[in-house]
Amino acid sequence: MSARGAYWPAVIVALLVGSAGANIGFMVVANRDASFAVEPDYYRKAVEWDRAMAQQARNAELGWTVSARLEPAAAGRARLVTAVQDRAGAPLTGGAVEVEAFPSARAREITSFALESTSEAGVYAGPLPSARPGLWELRVRVSRHGEVFTRTISQDLAVTR
């Protein structure tokens, strides 16, 4: 092998090492910043795609509706209020409402909690543990008498004062 071509193996090794180093750097940045997020248990959700589509069909059959609003409370706190109605528009009472909530800007900060029934029929409410202003994703699950209804809602939370 001539001396002129001897540097090519070193260039190839340097490119491979540089590529691996850049990937490790990207991984560190992605895991450090809460605005970067990967859907938790995404593989299981992908495998259960047929079940998710069956749930969507069941949601349509039930015809229930869920509306939500985020109300600012004391500084740094908020209250999530949901109204659940049946197909006829009547309040749905006696249900159990569970929520997964996270701000879109910090999608890694997922909070799961249950809402309590209020004195108003079909209205369920509870404190949102973190009240970061901005767009939130609310994954609502309502169960009553063995029936389950799900809905994903994007809701804006105004700045609390």
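The questions and answers below walk through strands, salt bridges and a surface patch in a predicted model.

Visitor: Which residue in S2 does Glu71 stand opposite?
Guide: Strand S1 covers residues 65-72 and strand S2 covers residues 78-85, and the two pair in the antiparallel sense over 8 bridges. Within this pairing, the residue in S2 that stands opposite Glu71 is Arg79.

Visitor: Is Glu71 buried, partly exposed or exposed?
Guide: The side chain of Glu71 meets that of Arg69 in a salt bridge, with 2.9 Å from N to O. Buried would require under 20% relative accessible area and exposed over 50%. Glu71 has 25% relative accessibility, and therefore counts as partly exposed.

Visitor: What is the bridge partner of Val81 in S5?
Guide: S2 also pairs with strand S5, residues 123-128, in the antiparallel sense over 6 bridges. In S5, the partner that Val81 meets is Ala125.

Visitor: How many residues apart in sequence are the parts that Glu100 and Arg139 tie together?
Guide: Glu100 and Arg139 form a salt bridge, in which the closest N and O atoms are 3.6 Å apart. Because Glu100 lies in strand S3 and Arg139 lies in strand S6, the pair ties together parts whose separation in sequence is 39 residues.

Visitor: Which helix holds Leu15, a residue of the nonpolar surface patch?
Guide: Leu15 forms this patch together with Tyr7, Trp8 and Val11, and their accessible area together is about 430 Å². Leu15 itself is exposed, with a relative accessible area of 59%. The element in which Leu15 is found spans residues 8-32 and is helix H1.

Note on methods: Residues numbered from 1 in each chain as written. Predicted model: local features only at pLDDT ≥ 70, side-chain atom pairs only at ≥ 80, totals over all residues. Heavy atoms only, no water. Patch = residues over 30% accessible without salt bridge, like charges linked within 9 Å, V, L, I, M, F, W, Y side chains within 5 Å. Areas by Shrake-Rupley, 256 points an atom, 1.4 Å probe, with all protein chains shown as cover. Salt bridge = Lys/Arg side-chain N within 4 Å of Asp/Glu carboxyl O. Helix = DSSP H or I, 4+ residues; strand = E, 2+ residues; numbered from the N terminus. Buried < 20%, exposed > 50% of the residue type's maximum accessible area, 1.4 Å probe, protein only. Pairing = 2+ DSSP bridges.
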